[in-house]
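The stops below can be selected one after another.

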Amino acid sequence: MARKKDNGPGGLVVVDKPAGFTSHDVVAKLRGIGRTRRVGHAGTLDPMATGVLVIGVEKATRLLGHLALTEKEYVATVRLGQTTVTDDAEGEVTASEGASGVAREAVDAAVARLTGEIQQVPSKVSAVKVDGKRSYQRVREGEEFELAARSVTVSSFDVHDVHEMKAEDGTCVTDLLVSVVCSSGTYVRALARDLGGDLGTGGHLTALRRTRVGPYRLEDARTLDELQQEVDGGAPLSVLPLHEAAAAAFHRWDVDAEQARLIGNGAQLRMPAGEFGAPGQEPEPVAVFGPDGSFVALVEERKGRAKSLAVFA
């Protein structure tokens with residue numbers, strides 16, 4: 001994916017988030033690097049996790065709420081043999097069942113049961129809202145509650161390595177190196193929890209690296225240090241320009257100059273029938289481009305006509 005320098009309308013920055021940073025920490029850091037307050041993020045990544053985090057700068061912040069980013073890829077380490085309160089390594093160990101000698105066939109069968117369209121109960125220490133309050137806030141306040149299962153899709157869940165070792169407390173555990181492709185809203189740490197539960201060993205996540213979000217991949221990402229060094233060297237913040245970001249993420253509708261002018265002024269023109277999305281599906285945002293390749297607006301089809309979601313012309 002091409003990357004250009006553009007300090008005008010802004011664009012997307014695909015950041016390789018470091019461990020220990022929250023998504024809000026990355027936004028705050030980018031505000032300093034880019035010398036602008038208009039910075040936001042699409043989706044979140046837990047502090048323990050590293051990898052792809054999509055950041056919008058300047059006008060591109062108006063794209064963030066419309067980015068589908070429906071499919072994500074991860075590489076992770078699942079530890080069988082211990083359960084934690086957070087379903088990952090940041091939480092206190094609540095049980096140490098051990099997992100020495102777990103058969104690979106049993107692991108593969110349990111992984112298969114967690115692949116496809118499944119019902120998943122999110123981790124309690126998560127940002128899921130319960131009656132308007134974040135689940136993790138309720139946990140911190142000592143509340144007793146249950147989260148409802150929801151449908152998620154795990155397109156692939158593969159085990160690449162199995163390694164037996166001893167945890168810090170001496171428990172014999174088994175670490176699995178896995179890769180996961182899943183829908184937005186899937187909790188990989190919940191997969192680790194449920195895998196351990198199915199095997200009777202308990203389980204949690206000890207490492208997580210996101211390698212793709214929608215069309216944005218790890219090879220497109222820059223570290224915060226790299227971005228800081230570029231700016232310190234006198235270069236503008238390196239962004240994926242607005243028009244390239246829109247072209248990568250949305251259906252494309254090329255219009256002539258007069259149509260571009262009208263759409264830029266909010267006119268609801270008739271859209272080409274059947275070109276954007278499958279019949280019967282919810283309408284998806286469509287990026288409108290003028291004859292010069294400029295990004296005019298983001299629209300949505302409503303009764304055959306283009307309803308503006310955001311104008312960029």
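Start by selecting Ala 42, which sits in strand E3 (residues 39-42); helices (H or I, at least four residues) and strands (E, at least two) are DSSP runs, numbered from the N terminus. The model is predicted: local features need pLDDT of at least 70, side-chain atom pairs count only at pLDDT 80 or more, and totals for chains, interfaces and linings use all residues. Residues are numbered from 1 along each chain as its sequence is written, and side-chain values use heavy atoms, with hydrogens and water left out.

Is Ala 42 buried or exposed? Ala 42 is buried, at a relative accessible area of 8% (buried means under 20%, exposed over 50%, partly exposed in between, with a 1.4 Å probe and protein chains only). Show its contacts, meaning heavy atoms within 4.5 Å. Leaving out residues up to four places away in sequence, Ala 42 touches Leu 53, Val 54, Leu 64, Leu 67 and Leu 69. For Leu 67, the C-alpha atom is 7.5 Å from that of Ala 42, while the two residues are 25 apart in sequence.

Next, select Phe 157. Its contacts beyond four places in sequence are Val 111, Leu 114, Thr 115, Val 178, Ser 179, Val 180, Leu 191 and Leu 195. Phe 157 also belongs to the largest nonpolar core, of 42 residues, where Leu 30, Ile 55, Phe 157 and Leu 195 touch the most other members. A nonpolar core is a set of buried Ala, Val, Leu, Ile, Met, Phe, Trp, Tyr and Cys residues joined through side-chain atoms within 4.5 Å. Another core, of 24 residues, lies apart from it and includes Val 52, Ala 60, Leu 67 and Phe 289.

Now turn to the charged side chains. The whole structure has 15 salt bridges, each a side-chain nitrogen of Lys or Arg within 4 Å of a carboxyl oxygen of Asp or Glu. Select Glu 58 and Arg 38, whose side chains form a salt bridge at 3.9 Å, N to O. Glu 58 is in strand E4 (residues 50-58) and Arg 38 in the loop between helix H1 (23-34) and E3, so the pair ties together parts 20 residues apart in sequence. Glu 58 is partly exposed at 22%, and Arg 38 is partly exposed at 38%.

Move to Arg 104 and Asp 108, a salt bridge with its closest N and O atoms 2.9 Å apart. Both are in helix H2 (residues 104-113), 4 residues apart, which means they are separated by about one helical turn. Asp 194 and Arg 193 form a further salt bridge, at 2.8 Å, N to O.

Val 26, Lys 29, Leu 30 and Ile 33 of H1 meet Leu 224, Leu 227, Gln 228 and Val 231 of H5.

Finally, zoom out. The protein has 7 helices and 19 strands, and 46% of its 313 residues count as buried.
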